[in-house]
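Here's a walk through one protein model, from the overall picture down to a handful of residues. Have the structure open while you read.

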Amino acid sequence: MSCEGDWLEAGASYALPEDAVIVLCDPLPDGGRKRVRVWRVQSDGTPTVERDSTFKSASAFGPAVRGTLRRSLEQHPPRPGPVRQLTAGEPRVNERNDSCSRCHQPIAARTGILTRNHRGFMEAQHQPNQCPTVPATSNPEPASTQPPTTATSAQRANAREQDCRICGNPVVAGAGLLERSGRSWDVLHPEGKCPPREELWEIDRGVPGPFRARPERWAEPGTVLRSTIYDHGRPFPGDTPGFRRLRDGAVTAIVTTVRERRPEYCRDEGGDNPSCLIGEDGWFFRILVRPATAEEAAEILDAEALATRRTALAQRRVRLFDHATDGEIPDTADPTGAVRVDFGAKRSWNQHWPSDELLVDEDAGIAWFLRYNGHDGDMWAASNHGSFIARKVPLTPERAQLLTDLRREYPTTQESDS
């Protein structure tokens with residue numbers, strides 16, 4: 001769970017995009033070691049080995065493996081495109097008694113199959129179309145002469161609000177029953193009278209940190225945010241603002257929080273923490289959300305459109321000014337008469353060096369891009385304008401249009417003489 005991607009099942013075949021990275025982790029027969037292999041798909045479709053290591057540790061994805069993954073993805077970004085499955089492998093058999101993730105009925109060992117859920121864990125299920133039929137039960141309204149339902153020795157009233165185990169809707173304090181379930185207690189609506197299930201989806205977040213007796217909530221009801229939603233078996237509405245399909249079973253969209261389930265504190269002891277807390281102790285939050293309305297999503301959509309527009313401007317600036325092939329770096333630079341054009345450069349709070357600058361002299365038909373060259377490790381002798389490397393480029397129509405777009409995008413900053 002230390003990296004995001006598509007799960008590849010043993011025995012199946014797939015069509016992978018060029019530069020895709022494949023990671024395999026296999027326990028060795030002695031049980032105490034793990035073999036980790038990292039492959040990358042080349043342009044001819046064949047895989048090349050990036051790493052093949054054997055580890056004797058609790059976590060096979062330590063700094064060395066994560067560093068290999070990071071460097072491989074930075075040097076060879078995978079081409080966009082889905083991982084397409086061509087043929088399926090034989091389903092795995094459940095090796096122990098379990099409960100079906102579809103019907104929640106018992107499954108005897110080696111009578112069902114294992115399937116992978118959206119969090120990457122294997123779940124037992126009955127063979128296709130073999131889930132037993134659960135007999136329907138009726139819950140008539142009690143007659144007025146009957147006494148109110150009381151808790152048995154295996155049940156007691158709930159002392160605080162909690163979600164019903166059956167329907168997932170909240171049960172206010174004192175309005176439901178607690179039923180013993182192993183070492184814990186589950187909350188149920190009394191007499192099984194569950195209200196209709198709400199059209200909500202669940203997202204989760206992990207916050208590393210120490211244990212606290214009263215953890216704060218992660219998001220107040222009504223918080224609007226963009227999030228990944230896993231919609232296996234229940235498709236998320238495609239008309240939700242900001243909807244985009246990421247892969248089979250996962251979408252991203254703008255949602256509004258409705259309420260949170262009770263948070264859990266997870267200790268990384270057995271390696272079975274949720275994926276957002278792998279390798280760390282912390283609080284695991286589960287939040288119920290609904291699709292945001294157009295009015296609720298407007299601010300986030302505007303911010304995303306702004307970021308997309310400015311990213312495109314930055315890419316044009318890098319191509320036309322920073323890495324211009326028709327420019328020159330003279331021995332000495334003299335940008336006298338050129339004016340600065342803001343391109344959205346932001347200084348961090350601890351930055352003690354000047355920002356790069358873009359200067360333009362429209363009368364002379366030239367522009368200068370000044371890149372700061374005073375960092376440790378820079379070749380200071382290459383500077384030709386103080387602590388900067390100044391590149392001089394002709395003011396072509398394409399560059400003139402970019403300057404116009406930059407001035408329109410960043411109108412509040414006043415241009416000044418250099």
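A quick term first: buried means under 20% relative accessible area, exposed means over 50%, and partly exposed is whatever falls in between, using a 1.4 Å probe and protein chains only.

Now the ground rules. This is a predicted model, so local features need pLDDT of at least 70 and side-chain atom pairs count only at pLDDT 80 or more, while totals for chains, interfaces and linings use all residues. Residues are numbered from 1 along each chain as its sequence is written, and side-chain values use heavy atoms, with hydrogens and water left out.

**The overall picture**

The protein has 3 helices and 25 strands; these are DSSP runs (helices are H or I with at least four residues, strands are E with at least two), numbered from the N terminus. Of its 418 residues, 30% count as buried. The accessible surface comes to about 26300 Å², and carbon and sulfur atoms account for 50% of that. Those areas come from the Shrake-Rupley method with a 1.4 Å probe, and for residues only the protein chains shown count as cover. As for contacts (heavy atoms within 4.5 Å), take those between residues at least 6 apart in sequence: 53% of them join residues at least 24 apart.

In soluble globular proteins, nonpolar side chains tend to be buried together. A nonpolar core here is a set of buried Ala, Val, Leu, Ile, Met, Phe, Trp, Tyr and Cys residues joined through side-chain atoms within 4.5 Å. The largest one has 16 residues, and Phe 321, Val 341, Leu 358, Leu 402, Leu 403 and Leu 406 touch the most other members. Which elements each supply at least two residues of this core? They are α2 (294–322), β23 (357–361), β24 (366–372) and α3 (397–409). Zoom in on Leu 403: leaving aside its neighbours within four places in sequence, Leu 403 is in contact with Phe 321, Val 341, Leu 358, Val 360 and Leu 395. There's also a second, separate core of 13 residues, which includes Ile 229, Phe 236, Ala 253 and Trp 283.

**A pocket**

Rolling a probe the size of a water molecule over the atoms shows where empty space is left. On a 1 Å grid over the protein atoms alone, a pocket is an open set of points where a 1.4 Å probe fits, with protein on both sides within 12 Å along at least five of seven lines; lining residues have an atom within 4 Å of a point. The second largest pocket holds about 210 Å³ of space, with the volume being the space filled by probe spheres set on the points, which are joined across faces, edges and corners. Its lining is made of Ala 213, Arg 214, Pro 215, Arg 217, Arg 262, Pro 263 and Trp 283. Trp 283 also belongs to the second core.

**Residues worth a click**

Two non-glycine residues have a positive phi. Asp 19, with a phi of about 70 degrees, is in the loop between β1 (13–15) and β2 (21–27) and is buried, with a relative accessible area of 12%. Arg 110, with about 65 degrees, is in the loop between β8 (106–107) and β9 (113–116), but Arg 110 is exposed at 52%.

Next, some C-alpha pairs that are separated along the chain:

| Pair | Residues apart along the chain | C-alpha separation |
|---|---|---|
| Asn 117 and Ser 101 | 16 residues | 9.4 Å |
| Asp 186 and Asn 158 | 28 residues | 9.1 Å |
| Phe 121 and Pro 274 | 153 residues | 9.8 Å |
| Asp 231 and Glu 202 | 29 residues | 9.4 Å |

Asn 117 lies in the loop between β9 and β10 (122–125), and Phe 121 is found in that loop too. Phe 121 is partly exposed, with a relative accessible area of 30%. Not counting residues up to four places away in sequence, Phe 121 touches Thr 115, Arg 116 and Asn 273.

Asp 186 lies in strand β15 (residues 184–188) and counts as buried at 18% relative accessibility.

Is Asp 231 buried or exposed? Asp 231 is buried, with a relative accessible area of 5%, and sits in the loop between β17 (224–230) and β18 (244–247). Beyond residues up to four places away in sequence, Asp 231 touches Phe 236, Arg 245, Gly 249, Ala 250 and Val 251. Of these, Phe 236 is also in the second core.
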